[in-house]
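Me: I would like to learn how to read the features of a model like this one. Could you take me through it step by step?

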Amino acid sequence: MTAFLRSVCIVGGGTAGWLTAAVLAARHRTADGPTLAITLVESERIGIVGVGEGTWPTMRNTLRKIGVSETAFLRACQASFKQGAKFSRWRTGADDDFYYHPLVLPEGFPALDLAPFWHEAVATGADVPSFSDAVCFQDHLCERHLAPKLMTSPEYGGIANYAYHLDAGRFADFMKAHCIDTLGVRHVVDDVTRVNQAENGDIASVSTVAHGDVSADLFVDCSGFASLLLGQTLGVPFADRSDVLFADRALAVQVPYDDPDAPIASQTNSTAQRHGWIWDIGLRERRGVGYVYSSRHAAGHDPMEDLAAYVGPRIADLPVRELTIRSGHRETFWKRNCVAIGLSAGFLEPLEASAIVLIELSADYVASSFPATRAAMDIVAERFNAMTRYRWDRIVDFLKLHYMLSERTDTGFWIDNRDPATIPQSLRDQLELWKHNPPGEQDFDSSHEMFPAASYQYVLYGMGFRTDPHFMQPALRDRQGAQEAFRRNAQSKSRWGAALPGNRELLTKLQTLDLPRI
Amino acid sequence: MNLEPLSRTHHAALHIDTAKALAEAASETHLVPLLKGELRKAAASYPIFLAKHPDTGRFYPAALLGLRPQENLYWTGTALDAAYVPCRFLRQPFFTVELASGGGQLCIDRDSVAIDAAGDAAILDAGGSDSAYIGQMVALLSDMTAQAPQTVALVDLALRFDLVVPARLDIVLDAGDQVDIDGLYAIDDQALARHLTDIPDFDDQLALMAMLLSLENVADLVRRRNALDRAASLWTRAGS
């Protein structure tokens, strides 16, 4: 009789461990209970890194599938609504230099592409709004600190597409409680003292201090930067990407609001600095602020000066945490019967909030393609590795795009970022095409794409890149359709700018009221 | 709105014009909240949906009276052309305000156009006692207060059994106009059939079935609107 795989051991808690446990457990259960025995081993002594306070809109579907209420999630994780990112001082470094990467697609996209029409308007020299503001109503909402939904909007549904900002520590606790109380995940609080391999090289079990050996059919390495199973035990090498992405340090600080009723930003604020950039994420009770920089380029300067200038004098009273970033990922992510998810798989600077979404996507693949047998596992692993490597490469490309288009000349950091030798060939190829054609779906043909063509348009044109209009004439045929789309966008700004509540107003209401389920 | 606690001292001389009161409440209302006890009677005249309160997101049952905001297709100009008049209309211009200490305070809206010295209903009778009219209003408001938690419980029950589904109305009028109404929810007949035996209270069963059956009255709304459009079109032609 075929021996089906029935057990999973996740090593490490934190965001990756508990989110993976929840996705797996929610998928592998019937009305009678779990069909997969999931154990999560977590050390009490090793704290969680808690990197990643920004999600993608995918998190809404992930949470829904896991079976948690959005209202409960928002309350427990001090979460707020995120409608994209605002990049300031990335292009020229001037005070008024900013653009948005919103989460709503350009009006009519992809059936209708407004990029050629916007370029045409820009070419006339008229006073044309920024690309994202012209084609999408979300900049308008963000500039006014508005929420993406109404009190009457159902859970996980909204007027504008949205993601979340959250407290990563609280999120891990929230997932933990749901996994243990509702989804039947076994929680072992213990230190892993040894990883035991079978003769064929598979991981047979992990030894713990007080709970003996924990064996399983599949091991998920969520041990963080240590990569205890995949890296240390199975010897999968690390692929360093610091030749493309230079940031290797971060200074993180939690900043309380001066006024408890201060508006909560509806977007992640990313403000370029001399040697990197500062993230600023508004939660309900505090802001999370951090300076990501290249220590090589900042040599001789004190990065604390830049962070202090951003936060203000009160930084003297706030604890600042220093993190080391090793840009890159494992060469492969699933070897033998072990798959790495989270920091054990890799890490890149949090410029486009890629950490948590990669956990979601990886966990979802493992859950949906869970191999029935050991023989099937190698096939699934091979596919997972190809897909995940593709995803990391696309993220590296997209992050580099933000840097390579900058016109800043104030430091070596920005100048070096434009060095063609630091730009992946795949990205250079795309840029060559986009000189004459706007990014479109034809440029992204994988079913595992990370960023849609619209995201590339937002960053590309936000950073001042221009597609030569001469080759785009055929794309200007549907002039009436374009005019209607621009008008719809203006109407959406007017309608929803007046109707949507403030981000803080809605989040405060949700402390006592529940969003309707439908 | 300017609510003031009703008192014999301050409001002894007030009169209410009950026709104006009804007009003020009903003439431009296209969606009127209903209480549980009203559902069976109201279902005979109006389509009843569930809508969400804009401030709280909570569902409440409501009769749909028009196909666009501020349109009441049952309003004749002087009366409601229906067998049943909802409590919300009858109580105008009186309201119950919840007190922090518990209980309710009967209030009058001093901005109401129905407060009229020539009005047909007095607050006090000639002897200085509560008039029969105000006695009816007190009883009505007291009943409305008592029914509020029962209405909430009925809605909770419908949500608990997943009986509530979005109801999108796509209507094309005789004149060719497209009317899209969203933000309304209805009782799903299949879901109610599945869970009917899980609902022990016969009153609850009846109330939910009444809401379900009331949806047939959407056709009546459309008929009323078509008739109005026809009349308007004739009038426009005659005047041109």
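Me: Let's start with a helix: which strands of chain B does helix α5 lie across?
Reply: Helix α5 of chain B (residues 132–160) lies across β4 (48–52), β5 (59–64), β9 and β12 of chain B, and runs at about 100 degrees to β5(B). Helices here are DSSP runs of H or I with at least four residues, strands are runs of E with at least two, and both are numbered from the N terminus. Contact means heavy atoms within 4.5 Å. Angles, from 0 to 180 degrees, are taken between N-to-C directions, with axes fitted to C-alpha atoms, for helices over the stretch in contact. Helix α7 of chain B (residues 202–214) also packs on the sheet, where it touches β4, β5 and β12 of chain B at about 100 degrees to the direction of β4(B).

Me: Before we go on, what should I know about the model and its numbering?
Reply: It is a predicted model, in which local features need pLDDT of at least 70 and side-chain atom pairs count only at pLDDT 80 or more, while totals for chains, interfaces and linings use all residues. Residues are numbered from 1 along each chain as its sequence is written, chains are lettered from A and ligands numbered from 1 in the order written, and side-chain values use heavy atoms, without hydrogens and water.

Me: In what order do the strands of the 5-stranded sheet in chain B come?
Reply: Strands of a sheet pair through backbone hydrogen bonds, either parallel or antiparallel. Two strands count as paired if DSSP finds at least two bridges between them. Here the sheet is open, with the order β3-β5-β4-β12-β9 (chain B) and antiparallel pairing. Its edge strands, each pairing on one side only, are β3 (31–33) and β9 (164–166) of chain B. The twist averages 45 degrees from one strand to the next.

Me: How much area do chain B and chain A bury between them?
Reply: The size of an interface is often given as the accessible area lost when the parts come together. For chain B and chain A this is about 810 Å², 55% of it on carbon and sulfur atoms; the value uses a 1.4 Å probe and is summed over both parts. On the chain B side, B:Lys52, B:Asp55 and B:Thr56 lose the most area, together 44% of what that side buries. The two chains share 2 salt bridges (side-chain nitrogen of Lys or Arg within 4 Å of a carboxyl oxygen of Asp or Glu). One of them joins A:Lys509 and B:Asp55 (4.0 Å, N to O).

Technical notes
Buried area is the accessible area (1.4 Å probe) that two parts lose on being put together, summed over both.
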